[in-house]
Amino acid sequence: LQPVRERVGNLNQNHVRWEMKHDVTLSDRLKDSLQVIAWLPKERLEVHDYSKFRLSSEVLSPLQVVCNHLYALHNGKIETNDIIFTGRKMTATSLSPEWCRWLLKEYFTQLGDVSYSLLHALLNVLSDQLLKLSSSSFFRYSQLKDMVGQENARSIRKLVVEKLISTSVENTMRSVLSS
């Protein structure tokens with residue numbers, strides 16, 4: 001007879017992490033339905049310094065979309081350089097994990113130690129809005145320049161991106177504070 005471990009397989013995991021929603025009643029119902037959870041050690045998982053945050057290198061992933069915009073904002077290129085995510089004129093690139101972590105820390109410090117699921121939700125919502133902005137012909141630099149002049153065109157996109165970021169962060173903070 002073979003030991004069960006050899007027949008089934010071996011999971012070389014020291015830890016299994018399961019993040020539960022902040023809602024107390026849902027957590028209680030979940031705990032009541034899965035009795036074994038009561039025996040497991042509890043650990044609050046928070047995004048401290050983004051060092052354990054899994055980073056996608058796919059250019060169209062929510063993380064890379066947000067980081068490409070944060071990078072352009074940080075370097076002052078958001079004002080005149082279009083960020084294009086698809087096609088022959090694609091300008092977006094996969095940023096390194098180090099850059100992404102630095103940008104997230106720099107622009108999302110007011111979030112504090114939020115959960116991974118809230119950070120993913122923030123990135124999903126924000127990336128959706130930023131993709132729509134960057135794919136809109138009305139927000140291309142050449143189009144803005146023709147409509148409102150060069151000086152105003154430079155500030156419009158920067159202002160819109162900054163407001164999208166601050167509004168997304170503010171809504172995420174409300175979500176954290178209400179739970």
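Predicted model: local features only at pLDDT ≥ 70, side-chain atom pairs only at ≥ 80, totals over all residues.
Me: What makes a residue buried or exposed, and where does Asn68 fall?

Reply: Buried means under 20% relative accessible area, exposed means over 50%, and partly exposed is in between (1.4 Å probe, protein chains only). Asn68 has 8%, so buried it is. The residue sits in helix α3. Across the protein chain, buried residues make up 30% of the 179 residues.

Me: And what does Asn68 touch?

Reply: A contact means heavy atoms within 4.5 Å. Skipping residues up to four places away in sequence, Asn68 touches Ile83, Phe85, Ala92, Thr93 and Leu95. For the protein chain, 70% of the contacts with a separation of 6 or more are between residues 24 or more positions apart.

Me: Why is Glu58 called exposed?

Reply: Glu58 has a relative accessible area of 52%, so it clears the cut-off for exposed. Glu58 lies in the loop between α2 (24-33) and α3. Its C-alpha atom is 9.3 Å from that of Leu95, and the two residues are 37 apart along the chain.

Me: What makes a set of residues a nonpolar core, and which members of the largest one touch the most others?

Reply: A nonpolar core is a set of buried Ala, Val, Leu, Ile, Met, Phe, Trp, Tyr and Cys residues joined through side-chain atoms within 4.5 Å. The largest one has 33 residues, and Phe53, Leu104, Phe108, Leu119, Leu123 and Ile165 touch the most other members. The elements giving two or more residues to this core are α3 (62-74), α4 (97-107), α5 (116-135) and α7 (150-178). Top contributor is α5, with eight residues. As for Ile165, leaving aside residues up to four places away in sequence, Ile165 touches Leu70, Leu73, Phe108 and Leu126.

Me: Why is the Tyr71 and Trp99 pair called edge-to-face?

Reply: Rings of Phe, Tyr and Trp (its six-membered ring) pair if their centres lie within 6.5 Å, with planes under 30 degrees apart counted as stacked, over 60 as edge-to-face and the rest as tilted. Tyr71 and Trp99 are 5.0 Å centre to centre with 85° between the planes, so edge-to-face it is. This pair links helix α3, holding Tyr71, to helix α4, holding Trp99, 28 residues apart.

Me: How many aromatic pairs does the search find?

Reply: Two, over the whole structure. Trp99 and Trp102 have ring centres 5.6 Å apart and planes at 85°, so that pair is edge-to-face as well. Trp99 and Trp102 are three residues apart in helix α4, about one helical turn. Tyr71, Trp99 and Trp102 form one aromatic cluster. Each counts as partly exposed: Tyr71 at 29%, Trp99 at 33% and Trp102 at 34%.

Me: How do you know that Arg157 and Asp82 meet in a salt bridge?

Reply: A salt bridge needs a side-chain nitrogen of Lys or Arg within 4 Å of a carboxyl oxygen of Asp or Glu. Arg157 and Asp82 come in at 2.5 Å, N to O, so they qualify. Arg157 lies in helix α7 and Asp82 in the loop between α3 and α4, so the pair ties together parts 75 residues apart in sequence. Arg157 is buried at 6%, while Asp82 is partly exposed at 21%.

Me: What other pair makes the count two?

Reply: Lys132 and Asp128, at 3.4 Å, N to O. These two are four residues apart in helix α5, about one helical turn.

How values were computed. Residues numbered from 1 in each chain as written. Heavy atoms only, no water.
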